[in-house]
Amino acid sequence: MDDKDLFYIFGIALAVSAVLLTFAGLKLKNFPGRAFPVVILWFVALVIGATTFAVRESQHEAHAREAEHHAEESSSGPYENEGGALGGEREELEEQAEKEAEGTPGEEPVGETEGTSGGPEASSTLQLAADQEEIAFDKTELSAKAGKVTIDFDNPSAIPHNVVIEQEGEEIAGTPVITESKASVSADLEPGSYAFVCTVPGHEEAGMAGTLTVE
């Protein structure tokens, strides 16, 4: 017999003994009399036996659950836990393999190269400043490659200025109006002719404008 069966036997014996003791106490006037020590020892033995086998059975069940848990972890493989370190390593390896397959191994360079040419992803960064005393830009002609075009604008003057990129009178992008500070404006531009102007009232009419040629 295993511990579970013995626990049931002791438990049933304890329950039956309690019923018989109650019945005997009601029917027999002097029960248990001299048999009192024997009755006490009998019940103590049953309680100890039932408790012992109950504890042993619970320990067996705990060990069985632990063994089952370890077996599941062993069969799941090292990559089952995607949130763990091994799962993260697998994701990194997969990303690296995808980059190599696309012909772009390693990390992409951070930032932009000034005046990068070729293709729709080319970028150009142009420098433009306002005159410190007059209402004028320091340049009236700018040129860039097609793609992302950035104008870094410097206004050292206390006179408010901005720079806005336009085409045929329609505003594409622009900086806020600034004084004694710097700002930048960027736009994706196709080949063509554009204008850059200061939209503060009266400044464009005063000559604060120029041509931006995108090739």
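A residue is buried under 20% relative accessible area, exposed over 50%, and partly exposed in between (1.4 Å probe, protein chains only). The model shown is predicted: local features need pLDDT of at least 70, side-chain atom pairs count only at pLDDT 80 or more, and totals for chains, interfaces and linings use all residues. Residues are numbered from 1 along each chain as its sequence is written, and side-chain values use heavy atoms, leaving out hydrogens and water.

**View 1. The chain has three helices and eight strands.**
Helices (H or I, at least four residues) and strands (E, at least two) are DSSP runs, numbered from the N terminus. Along the sequence, the pattern reads α-α-α-β-β-β-β-β-β-β-β. The chain has 215 residues, and 25% of them count as buried. A contact means heavy atoms within 4.5 Å. Take the contacts between residues at least 6 apart in sequence: 57% of these join residues at least 24 apart. The accessible surface comes to about 14,600 Å², and carbon and sulfur atoms account for 55% of that area. Accessible areas come from the Shrake-Rupley method with a 1.4 Å probe; for residues, only the protein chains shown count as cover.

**View 2. Y8, I12, V16 and L20 form a nonpolar surface patch.**
Patch residues have over 30% relative accessible area and no salt bridge; like charges are joined within 9 Å, and nonpolar side chains (Val, Leu, Ile, Met, Phe, Trp, Tyr) within 5 Å. Together, Y8, I12, V16 and L20 have about 400 Å² of accessible area. V16 sits in helix α1, which covers residues 3-27. Its relative accessible area is 41%, so V16 is partly exposed.

**View 3. F137, F153 and F196 are linked into a cluster by ring pairs.**
Rings of Phe, Tyr and Trp (its six-membered ring) pair if their centres lie within 6.5 Å; planes under 30 degrees apart are stacked, over 60 edge-to-face, and the rest tilted. By this rule there are two aromatic pairs. F137 and F153 make an edge-to-face pair, 5.9 Å centre to centre with 80° between the planes. F137 lies in the loop between β1 (123-129) and β2 (141-144), and F153 in strand β3 (residues 147-155), so their pair ties together parts that are 16 residues apart in sequence. F137 and F153 are both buried. F137 and F196 make a tilted pair, 5.6 Å centre to centre with 55° between the planes. F196 lies in strand β7 (residues 192-197) and F137 in the loop between β1 and β2, so this pair ties together parts that are 59 residues apart in sequence. F137 and F196 are both buried.

**View 4. The largest nonpolar core has 25 residues.**
A nonpolar core is a set of buried Ala, Val, Leu, Ile, Met, Phe, Trp, Tyr and Cys residues joined through side-chain atoms within 4.5 Å. Which residues have the most contacts inside the largest core? They are F137, L189 and L212. Strands β1, β2, β3, β6, β7 and β8 (209-214) each supply at least two residues of this core. β6 gives the most, with four residues. Not counting residues up to four places away in sequence, L212 touches L126, L142, S143, I165, L189, G192, S193, Y194, A195 and F196.

**View 5. D138 and K139 meet in a salt bridge.**
A salt bridge is a side-chain nitrogen of Lys or Arg within 4 Å of a carboxyl oxygen of Asp or Glu. A search of the whole structure finds one. Between D138 and K139, the N to O distance is 3.4 Å. D138 is partly exposed, with a relative accessible area of 46%. K139 is also partly exposed, at 31% relative accessibility.

**View 6. E168 and E180 each have a positive phi.**
Most residues other than glycine have a negative phi. E168 has a phi of about 55°. E168 lies in the loop between β4 (164-167) and β5 (170-174). Its relative accessible area is 80%, so E168 is exposed. E180 has a phi of about 50° and lies in the loop between β5 and β6 (181-189). E180 is exposed as well, at 57%.

**View 7. G174 is found in strand β5.**
G174 is partly exposed because its relative accessible area is 35%. Its neighbours include V163, V164 and V185, which G174 touches when residues up to four places away in sequence are not counted. G174 and S186 are twelve residues apart along the chain, and their C-alpha atoms are separated by 7.8 Å.
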